[in-house]
Each structure stands twice: as C-alpha cells, then as structure tokens.
Amino acid sequence: MSEERKAMLVLENIHKSFGRVKVLQGISAEVKEGELVTFLGPSGCGKTTLLRIISGLTKPDSGKVILDGQVINDVTPDKRGIQMCFQNYALFPHLTVARNISYGLEVHKWKKERIKERVEELLHLVRLDGLGDRRIEELSGGQQQRVALARALALEPKVILLDEPLSNLDANLRVQMRATLRQIQRRVNISTIFVTHDQVEAMTISDRLVVMNRGRIEQVGTPVEIYEKPNNEFIASFIGYVNILEGEVKRIGKGTEPLVVSTQLGELEILSDEKELQVGKHVYLVIRPETIRICDQGEEGETNGFQGTIASVTYAGSTVKYGVDIDGKELTVDEYDPTTRGIRSMGDRVRISIPRNVHLLKG
Ligand SMILES: Nc1ncnc2c1ncn2[C@@H]1O[C@H](COP(=O)(O)OP(=O)(O)O)[C@@H](O)[C@H]1O
Ligand SMILES: [Mg+2]
C-alpha cells in the first residue's frame, strides 16, 4: 500500500442529534483512494446515521463531507457518486437479477446495448454468471448480497458504503463472503466504507479500522495496531477477549531494561515503549489469552511465571480456553492444538508464563 494515495472521502467534524440525543459527536476521518475502511462499533453507536450522512440521505447538524476535494453537503444523494448498500439489501424482489442491477443505469438513460454489456460484466465480477434472468426470490442470501453489491458498483461510484452487509448470512457463508467481498473491492479499487459491529469481520476485511463508541471515534489504525495497541479499555475488550490486570509501576528500567509493575498476581516485568511513566503510576496491562503460555512440566526459569489451578475448560476444536485461577484472580488462556498438547482437567496445577511485551495502558 502506498502512502501517497489521495484522500477520496474526508469527514470533518460531523455532528448529528435526533432531538436531545447526540448521535454523532464530532466525527473526523478519511478514506483513501481504493482503501477499505471499516467503521466498527457496538449497535446504536451511530454507524448507520454516519453512512446516511455520507450518502446524503440525512443532513448533518454541522461538519463537512468532502468527496474527491469537493464539499458535497448540498449535493443530492443521486448526484454524489456514492452508493450505499443497505443492511437488508433493498432489492426489488419481483424483478430479475439483471433488472435489479440495471436499475440505476436505466435511470441514467444508458443505451440498451451498453446496459446489457455492463450487466454481464457485473454478473461476472460478483460470480453470478448466467443468473441474470433469475428472480431475486429464487436466490440464496449470499447471492442476493452479491446482486446488491453489483447494483452498487454499476455506475462506478467513487465510494461505496456497505452497512453490515454480511449480518443476514449464516456464519460459514459470512466468512466466505468476507473474502469474496474483499477480492471484488480490490479488483474494482473503489474506496469503500464497511460498517459492522463484528470485530473479527472488521479485523479480517479492512485496510484500516475506525473504532466508534457512543457517537465518537475511539481509535483509528490498521487491524494489527488496534489489536496490539488499543488506546483504552473499551477498545481492548471490544476487539477480542482480553485479560486486564491492574497494577502500579514499581520500578522504571534503565535503557532496554524492563519495567516492573506490581499487580494482584505479584510483580511482572514489562517491556513498554510507553513514555512518561513514573514510579507509582496506575496502569492496566492488556493480556491477550493466546499470548499466555501454560508451561510444560518441570520447565523452569520463566519470566513472569505464576502458579495456578485450572478452573474452567472450554474445548473449541482448534483451541481450548482455560480459566486459570491464580490466588483468586482468574486469567483466560487459549491453548492451540490441544490434541497434541493434551487437554488439561479442572483442578490441575499449572505454571503459566505471561510475556514481557504485553500492552500497557495508563490508568
Ligand atoms: N431518524 C432517527 N430518529 C431518532 N433517532 C434515531 C434516528 N436514527 C437513528 N436514531 C438513533 O441514533 C442512534 C444511533 O443509531 P444508528 O446510527 O442506527 O446506530 P448503529 O447503526 O451504529 O447501530 C440510536 O440511538 C438510534 O435510536
Ligand atoms: Mg446500523
């Protein structure tokens, strides 16, 4: 990904209230050319409202929507060059697939021949070759989703907006469609805003994530940045499961030496690039379950090693999730490939090791 790509869509300090409810409270963000940015946040945080503002269906109270360098606040939805795909697809059930896709082209008075060509091209793009004459009702959910996408792409918009596009599909299909959607998006290279409340979906599909909560942006970053260096507890626990340990800085290391943080488990050595930490400072350690290791028997000399007892066991095929009780504090630990390693039992005494490079949040 080149860093010089221009900003295709810029949102500048968007505010929106419905009555006394402040739904959006100063949203500023940008989507670069060809980029797929996901707005991720819990239900009710304002995602759909934001998409409606971008597409022109809802007016913001203040703030600017800028498309390709032009402020478009006063441009009507049909003239914006932005296409929105609604959560329920909003297809015409009694029309054929082809007519659903060609609808916008007809409105724009394209010639019959050109429409036919374009529809074929789009059917091929979304892998529905040969299904142009089917009626929408005869399609599966995943196929309907692709018709909606083809329709949105028909007029080659500058930006497409996808509002929880996969939420009506069952789990397996959702995973497949994620990959398909991403491939298509890469091929057409259209700037895309994807909206979801599903963090795994967001992590797997996006160039960048914008994490929203209660009408505000909490953090913007690549999936790896957001997962590994969440800005606050909300993001840390929203993006996958985490163990959070409260502690106090006990000692600051010199140079590359680790910090020492005292927690309810005891003292932990932590390597942090966090600046401006003083002794006595209140901090939180964000510890992902897959980074904690259950040591093999007789293994010695681990840093941040603690003795505990298996308090719960949840088998999930490729992983086992253990609750490990350490002096009354329970940590969740994920162990992969349990069949090879052997599944532990409730009450087993184990020694765990917490890595030194856990993420640290200032309290
Ligand atoms: N037209 C409206 N009138 C009144 N309240 C609305 C309207 N649209 C959305 N809201 C409220 O705004 C908040 C955010 O809604 P929405 O943007 O749909 O959230 P999300 O898509 O993130 O679930 C909710 O509390 C919702 O009830
Ligand atoms: Mg919504």
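This note goes through one predicted model point by point.

1. Basis. Residues are numbered from 1 along each chain as its sequence is written, and chains are lettered from A and ligands numbered from 1 in the order in which they are written. Because the model is predicted, local features need pLDDT of at least 70 and side-chain atom pairs count only at pLDDT 80 or more, while totals for chains, interfaces and linings use all residues; side-chain values use heavy atoms, with hydrogens and water left out.

2. The shell of ligand 1. A residue belongs to this shell if one of its heavy atoms lies within 4 Å of the ligand. The residues that qualify are Phe18, Val23, Pro42, Ser43, Gly44, Cys45, Gly46, Lys47, Thr48 and Thr49. By class, four are nonpolar, five polar and one charged. Here Ala, Val, Leu, Ile, Met, Phe, Trp, Tyr, Cys and Pro count as nonpolar, Asp, Glu, Lys and Arg as charged, and the others, Gly among them, as polar. Helix H1 (residues 47-55) gives the largest share of the shell, three residues. Helices (H or I, at least four residues) and strands (E, at least two) are DSSP runs, numbered from the N terminus.

3. Polar contacts of ligand 1. A polar contact is a pair of N or O atoms within 3.5 Å; within protein, one must be able to donate a hydrogen and the other to accept it, and residues adjacent in sequence count only if both atoms are side-chain atoms. A polar side-chain atom of Thr49 is 2.5 Å from a ligand oxygen. For an N or O atom in the side chain of Thr48, the distance to an oxygen of ligand 1 is 2.8 Å. Gly46 takes part through a polar backbone atom, 3.1 Å from a ligand oxygen. Ligand 1 taken alone exposes 560 Å², and the protein buries 54% of that (Shrake-Rupley method, 1.4 Å probe; for residues, only the protein chains shown count as cover).

4. Lys16. This residue is in strand S1 (residues 7-18). Lys16 is buried, with a relative accessible area of 11%. Buried means under 20% relative accessible area, exposed over 50%, and partly exposed in between (1.4 Å probe, protein chains only). A polar atom of the Lys16 side chain lies 2.8 Å from the backbone oxygen of Lys59. Leaving aside residues up to four places away in sequence, Lys16 touches several residues, including Val23, Thr49 and Lys59; contact means heavy atoms within 4.5 Å.

5. Helix H4. H4 (residues 141-153) has 13 residues and reaches 19 Å from its first C-alpha to its last, close to the expected 18 Å. The expected span is 1.5 Å times one less than the number of residues. Twelve of the 13 residues are buried, so H4 is largely enclosed by the rest of the structure. Its buried residues pack against strand S6 (82-85), helix H2 (97-107), helix H3 (112-125), strand S7 (159-163) and helix H5 (171-188).

6. Positive phi. Glu156 is in the loop between H4 and S7. Its phi is near 45°, a positive value in a residue other than glycine. Glu156 is exposed, at 59% relative accessible area. Asp337, not a glycine either, has a positive phi of about 50°. Asp337 sits in the loop between strand S18 (329-336) and helix H9 (338-341) and is partly exposed, at 43%.

7. Gly56. This glycine is in the loop between H1 and strand S4 (62-67). Gly56 and Asp78 are 22 residues apart in sequence, yet 8.5 Å apart in space, C-alpha to C-alpha.
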